[in-house]
Every structure is written in structure tokens, then in C-alpha cells.
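I have a new model open and want to get my bearings in it. These are my notes, in the order I looked things up.

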Amino acid sequence: MRRDERGIRQQTLPRAADVDQIPRGTRQFVERSPFVCVATARPDGGLDVSPRGDPAGFVRIVDERTLLLPDRPGNRIADTLTNLLHDPRIGLLFLVPGSDDTFRVNGSATLAHKMALPGHQFRVIALDGNAVP
């Protein structure tokens with residue numbers, strides 16, 4: 001990891017101010033990430049951030065503009081899904097243990113019920129938005 005003249009670590013992932021697709025070099029980071037923070041807006045105007053984790057690769061990259069994020073059983077409150085029914089805006093923050101890098105995605109989500117993927121059957125949040133590292 002490089003550091004600048006002040007000793008602050010410098011991000012090594014591709015940088016972009018605002019892009020409409022997932023940069024190719026960042027795709028591997030998402031595929032290696034076992035943890036993502038999911039931010040949504042509550043109907044009352046507040047914000048919610050929920051952790052999501054599973055073995056690396058649990059977030060599927062369909063194409064350079066679409067991610068599939070499975071909804072796993074949690075506290076049975078379903079805040080994220082409820083929030084997305086009222087407001088489709090979503091933010092994701094991907095992390096990889098041992099890496100100083102993160103990858104942030106801001107966009108809009110579409111909910112699908114029991115979408116079948118090869119070898120899996122689960123509900124997903126399909127994200128189609130702007131990737132901002």
C-alpha cells in the first residue's frame with residue numbers, strides 16, 4: 001500500500017468521480033468481498049445501514065451495471081427490503097479483510113422474489129446504478 005507525503009494510505013483501486021459501470025479492475029474486489037454494508041433510506045426520512053456477509057462471491061456481478069445481492073435471514077425485521085419498497089436508492093460499501101481498500105456503489109435497487117441462479121435459489125436485490133470507488 002502506498003502512502004502520500006503525509007503518511008496517509010493511498011487507495012489502489014481504480015478511481016473515478018462518477019461512472020455508470022463497475023470498473024473492470026474493481027470487479028475482482030467485489031468477487032473477493034465477504035462483507036458489504038447496505039445503506040437505504042427509511043420512509044420517515046432516516047437512514048439505515050445493515051451488514052451483509054457470506055463467503056466471498058456471494059454478491060454476483062451480472063454485467064457492468066448490475067449486481068445481485070441475496071437477502072439472507074437476519075433479525076426478521078426486513079428493514080432493508082421495507083425501505084427499498086418506499087425508496088429504491090441504495091448504497092453499498094464492499095470490504096475485503098486484510099485490504100485497506102473499499103469499493104462504494106450508489107444506485108437504485110429492484111427487488112425480485114426467489115430468482116433462480118445456477119446452483120442457487122434465493123431472493124435478490126438487483127442493483128443497477130452508479131459505481132463510485
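This is a predicted model: local features need pLDDT of at least 70, side-chain atom pairs count only at pLDDT 80 or more; totals for chains, interfaces and linings use all residues.

**Entry 1: overall numbers.** I started with burial, and of the 133 residues of the protein chain, 37% count as buried (buried is under 20% relative accessible area, exposed is over 50%, partly exposed is in between, with a 1.4 Å probe and protein chains only). Residues are numbered from 1 along each chain as its sequence is written, and side-chain values use heavy atoms, with hydrogens and water left out.

I looked up the surface too: the accessible surface of the protein chain is about 8,000 Å², and 50% of that belongs to carbon and sulfur atoms. The areas come from the Shrake-Rupley method with a 1.4 Å probe, and for residues only the protein chains shown count as cover.

**Entry 2: layout.** I found two helices and seven strands in the protein chain. Along the sequence they follow the pattern α-β-β-β-β-α-β-β-β. Helices (H or I, at least four residues) and strands (E, at least two) are DSSP runs, numbered from the N terminus. I also checked contacts (heavy atoms within 4.5 Å). Of those with a separation of 6 or more in the protein chain, 58% are between residues 24 or more positions apart.

**Entry 3: helix α1.** Which residues of α1 are buried? In this helix, residues 24–32, I noted Thr-26, Phe-29 and Val-30 as buried. They sit on the same side of α1, because they cover an arc of only 100° around the axis (the arc is that of the directions from the helix axis to the C-beta atoms). Arg-24 and Gln-28, on the other side of α1, are exposed.

I then looked at a charged pair in this helix. The side chains of Arg-27 and Glu-31 meet in a salt bridge, 3.5 Å from N to O (a salt bridge is a side-chain nitrogen of Lys or Arg within 4 Å of a carboxyl oxygen of Asp or Glu). The two are four residues apart in helix α1, so about one helical turn separates them. My reminder on helices: an α-helix has 3.6 residues a turn, so residues three or four places apart point the same way. Arg-27 is partly exposed at 31% relative accessibility, and Glu-31 is partly exposed at 37%.

**Entry 4: the other salt bridges.** The structure holds three salt bridges, so I looked up the rest, counting by the definition above. Arg-42 forms one with Asp-44, with the closest N and O atoms 3.1 Å apart. Arg-42 counts as partly exposed at 36% relative accessibility, whereas Asp-44 counts as exposed at 60%. Asp-87 and Arg-89 also meet through their side chains, at 2.8 Å from N to O. Here Asp-87 is buried, with a relative accessible area of 17%, while Arg-89 is exposed at 53%.

**Entry 5: helix α2.** In α2, I have Thr-80, Leu-81, Asn-83 and Leu-84 as buried. They cover an arc of only 160° around the axis, which puts them on the same side of α2. On the other side, Leu-85 and His-86 are exposed.

What does the side chain of Thr-80 make a polar contact with? It is the side chain of Ser-50, at 3.4 Å. A polar contact is a pair of N or O atoms within 3.5 Å; within protein, one must be able to donate a hydrogen and the other to accept it, and residues adjacent in sequence count only if both atoms are side-chain atoms. Thr-80 is found in α2, residues 79–86, and counts as buried at 3% relative accessibility.

**Entry 6: the core.** The largest nonpolar core has 18 residues, and Val-36, Val-59, Leu-67, Leu-69, Leu-92, Phe-94 and Phe-103 touch the most other members. Such a core is a set of buried Ala, Val, Leu, Ile, Met, Phe, Trp, Tyr and Cys residues joined through side-chain atoms within 4.5 Å. The elements giving two or more residues to this core are α1, β1 (35–41), β4 (66–70), β5 (89–95) and β6 (102–117).

I picked out Leu-69, which is found in strand β4 and counts as buried at 4% relative accessibility.
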